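Have the structure open while you go through them.

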Amino acid sequence: MSKHPATPAAGALQPGLVVAAFGRHCLVESPDGTRRICHPRGKKNAVVVGDRVAWQATGDEGSIERVEPRRNLFYRQDEMRTKSFAANLDQILVLIAADPEFSERQLARSLIAAEAEGIPVLIVLNKSDLQPAFDQAWERLESYRRMGCEVLPLRLKGQTAAETERGLIELEQHLAGKTTLVLGPSGVGKSTLVNRLVPHAKALTGEISRALNSGKHTTTSTTWYWVDGTRSTALIDSPGFQEFGLNHIEPMQLAHFMPDLRATLGHCRFYNCTHLHEPGCAVRDQVMGVEDAGRASKEKSIGDNRYRIYGELFAELSARRSY
Ligand SMILES: Nc1nc2c(ncn2[C@@H]2O[C@H](COP(=O)(O)OP(=O)(O)OP(=O)(O)O)[C@@H](O)[C@H]2O)c(=O)[nH]1
Ligand SMILES: [Zn+2]
């Protein structure tokens, strides 16, 4: 945040990028890097981090006059409300770890939400120093690698600095030039990662929450960080991975957003097959038995873990629609 933001002529619309949002305030960055607090004008100009906007100066602050069309909007939706994480993303990094043990259900949910918006996902498994937990977790991700998901190992702590650096260099190559939303459950090393990639992240977060909340200390919400000096690589840190509601997804659409199931679609006997019980179902034909789980099988392409998650989610999404 510059102390002397350029003051454009009143009335002129300026382009900007939303780098933090808190209630009705947000922080907008101009192309020259200066930042100022802005307020959306009217309900339709509500913004999320990553939005490109046109704003107008009103004294030291600004008013958002227009939100540019979004390439995508990543959000979750439960019974009570819709929560938008961020807009205009190139990819989502889901950070999990050998410990605490990750919930595959939660992982699958975030992947489905990303797929529904057409946003690629990168899974990063941290704490490779913790054995045998790491190998077991890696094994549990077999279905995800098989369906084409990129999974990277990482070690942010431990004795071997060389290993940490190798992991980080590979990760940085995947982040370069892109805008990446980082999601992850508590305790996986998310703050450690953000602080490694953005050395001043902590100070910056404090500065932003003070600016947006008139000096009061708040838990920060979603925040945009530049990783490099040329401002081409960005990380968006967002809390709220726990309850990942998918109410916005139709049960009959679910299989389309699970790449391993999607690969077999179009071959079921019934065009409106739910893949739960119908005869001649091409999806069910591809489900591995429990005894095949974790092993690549030539004949079958869908892990029984994935099919179980599909069934549970289908039931959950159908129940919500029946009342
Ligand atoms: N063994 C091991 N511990 C790690 C590694 N990376 C991070 N940790 C530890 O894991 C714990 C959690 O790390 P944080 O960065 O605070 O995790 P977080 O995901 O931000 O968690 P919250 O603050 O709860 O959201 C800390 O004690 C870290 O030191 C790793 O590669 N190996
Ligand atoms: Zn079917």
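Which residues are closest to ligand 1?

1. **The ligand site.** Ser186, Gly189, Lys190, Ser191 and Thr192 are the closest, out of 16 residues that surround ligand 1. A residue belongs to this shell if its C-beta atom, placed from the backbone, lies within 6 Å of the ligand. Helix H5 (residues 190-197) gives the most, with three residues. Sorted by class, the shell has eight polar, five charged and three nonpolar residues. In that sorting, Ala, Val, Leu, Ile, Met, Phe, Trp, Tyr, Cys and Pro are nonpolar, Asp, Glu, Lys and Arg are charged, and the others, Gly among them, are polar.

2. **Ground rules.** This is a predicted model, so to speak of a local feature takes a pLDDT of at least 70 and to count a side-chain atom pair takes 80 or more, while totals for chains, interfaces and linings use all residues. Residues are numbered from 1 along each chain as its sequence is written, and chains are lettered from A and ligands numbered from 1 in the order in which they are written. Helices (H or I, at least four residues) and strands (E, at least two) are DSSP runs, numbered from the N terminus.

3. **Confidence.** The protein chain has a mean pLDDT (the predictor's confidence in each residue, from 0 to 100) of 88, and 90% of its residues reach 70 or more. Where pLDDT is low, the predicted coordinates should not be read in detail. The model's scores are ipTM 0.96 and pTM 0.90.

4. **Domains.** The chain is divided into domain 1 (13-67), domain 2 (73-237) and domain 3 (251-321), with bounds from an automatic or database domain assignment. Twelve residues of domain 1 are in contact with 16 residues of domain 2; contact means C-beta atoms, placed from the backbone, within 7 Å. On the domain 1 side, strand E1 gives the most, with four residues. That side divides into eight nonpolar, two polar and two charged residues.

5. **Val124.** Now look at Val124, in strand E9 (residues 121-126). Is it buried or exposed? Val124 is buried, because 23 other C-beta atoms lie within 10 Å; the cut-offs are 20 or more for buried, 12 or fewer for exposed, and partly exposed in between, with C-beta atoms placed from the backbone. Leaving out residues up to four places away in sequence, Val124 touches Leu93, Leu95, Leu152, Leu154 and Leu171.

6. **Helix H1.** H1 (residues 104-116) has 13 residues and reaches 18 Å from first C-alpha to last, close to the 18 Å expected at 1.5 Å a residue. That expected span is 1.5 Å times one less than the number of residues. Its buried residues include Leu107, Leu111 and Ala114. After H1 comes Gly118, with a positive phi near 70°.

7. A cis peptide bond joins Asp99 and Pro100, with omega about 0°, and Pro100 is in the loop between strand E8 (91-97) and H1. Gln131 to Pro132 is also cis, with omega near 5°. Lys127 counts as buried because it has 23 C-beta neighbours inside 10 Å, whereas Arg231 is exposed, with 12 other C-beta atoms within 10 Å.

Technical notes:
Two residues are in contact if their C-beta atoms, placed from the backbone, lie within 7 Å.
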